Amino acid sequence: MNHPICRRCLLNELDGEYFKSIYQYIENLAPETKAQPEEYTRRLALCRECGSLQNGMCAQCGCFAEVRAAKIAQKCPINLW
């Protein structure tokens, strides 16, 4: 299925079923490696405002923004968070 490029969209806004495994991965991260829910939400809010977010992926590094934001030790490649 062809979808237009969605700027500033997160994966759950695209096709939730297709990306279900990504959310399962995040859910199964070890608690000591996960960002706190408030921090995760803050990070994603900053990603949504960034022009590098396209179809849930960061154009700067190629990661799924939600996965990077979920890991406490990860940093934004352009230092937004």
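## Buried or exposed?

A residue counts as buried when its relative accessible area is under 20%, as exposed when it is over 50%, and as partly exposed in between, using a 1.4 Å probe and protein chains only. Ser-52 is a handy example: at 12% relative accessibility, Ser-52 counts as buried. You'll find Ser-52 in the loop between H2 and strand S1 (53-54). Setting aside neighbours within four places in sequence, Ser-52 is in contact (heavy atoms within 4.5 Å) with Met-57, Cys-58, Ala-59 and Gln-60.

Before we go on, some ground rules: this is a predicted model, where local features need pLDDT of at least 70 and side-chain atom pairs count only at pLDDT 80 or more, while totals for chains, interfaces and linings use all residues. Residues are numbered from 1 along each chain as its sequence is written, and side-chain values use heavy atoms, with hydrogens and water left out.

## The overall layout

The protein chain has 3 helices and 2 strands, which are DSSP runs numbered from the N terminus (helices: H or I, at least four residues; strands: E, at least two). Following the sequence, you get the pattern α-α-β-β-α. Of the chain's 81 residues, 33% count as buried. Now take the contacts between residues at least 6 apart in sequence: 65% of them join residues at least 24 apart.

## The nonpolar core

In soluble globular proteins, nonpolar side chains tend to be buried together. Here, the largest nonpolar core has 16 residues. Such a core is a set of buried Ala, Val, Leu, Ile, Met, Phe, Trp, Tyr and Cys residues joined through side-chain atoms within 4.5 Å. Those with the most contacts inside this one are Ile-22, Ile-26, Tyr-40, Leu-44, Ala-69, Ala-70 and Trp-81. The elements giving two or more residues to it are helix H1 (20-27), helix H2 (37-49) and helix H3 (65-70), and H3 gives the most, with 4 residues.

Which residues does Ile-22 touch, not counting those up to four places away in sequence? They are Leu-11, Phe-64 and Val-67.

For Cys-63, the nearest cysteine sulfur is that of Cys-61, 3.3 Å away. Cys-63 counts as buried because its relative accessibility is 18%. Cys-76 is in no disulfide either, with the sulfur of Cys-47 its nearest at 6.2 Å. Cys-76 is also buried, at 8% relative accessibility.

## A cavity inside

There is 1 cavity of 30 Å³ or more. On a 1 Å grid over the protein atoms alone, a cavity is a set of points where a 1.4 Å probe fits but cannot get out, and lining residues have an atom within 4 Å of a point. The largest cavity has a volume of about 120 Å³, where volume means the space filled by probe spheres set on the points. Of its 14 lining residues, the closest to the centre are Cys-47, Cys-50, Cys-58, Ala-65 and Cys-76. Strand S2 (57-58) and H3 are the elements giving two or more residues to the lining.

## Lys-75 on the outside

Lys-75 lies in the segment after H3. Lys-75 is exposed because its relative accessible area is 51%. Not counting residues up to four places away in sequence, Lys-75 touches Arg-68 and Trp-81. Arg-43 is 32 residues away from Lys-75 along the chain, and their C-alpha atoms are separated by 9.5 Å.

Methods: Disulfide = S-S within 2.5 Å. 1 Å grid on protein atoms, 1.4 Å probe; cavity = no way out; pocket = protein on both sides within 12 Å on 5 of 7 lines; lining within 4 Å.
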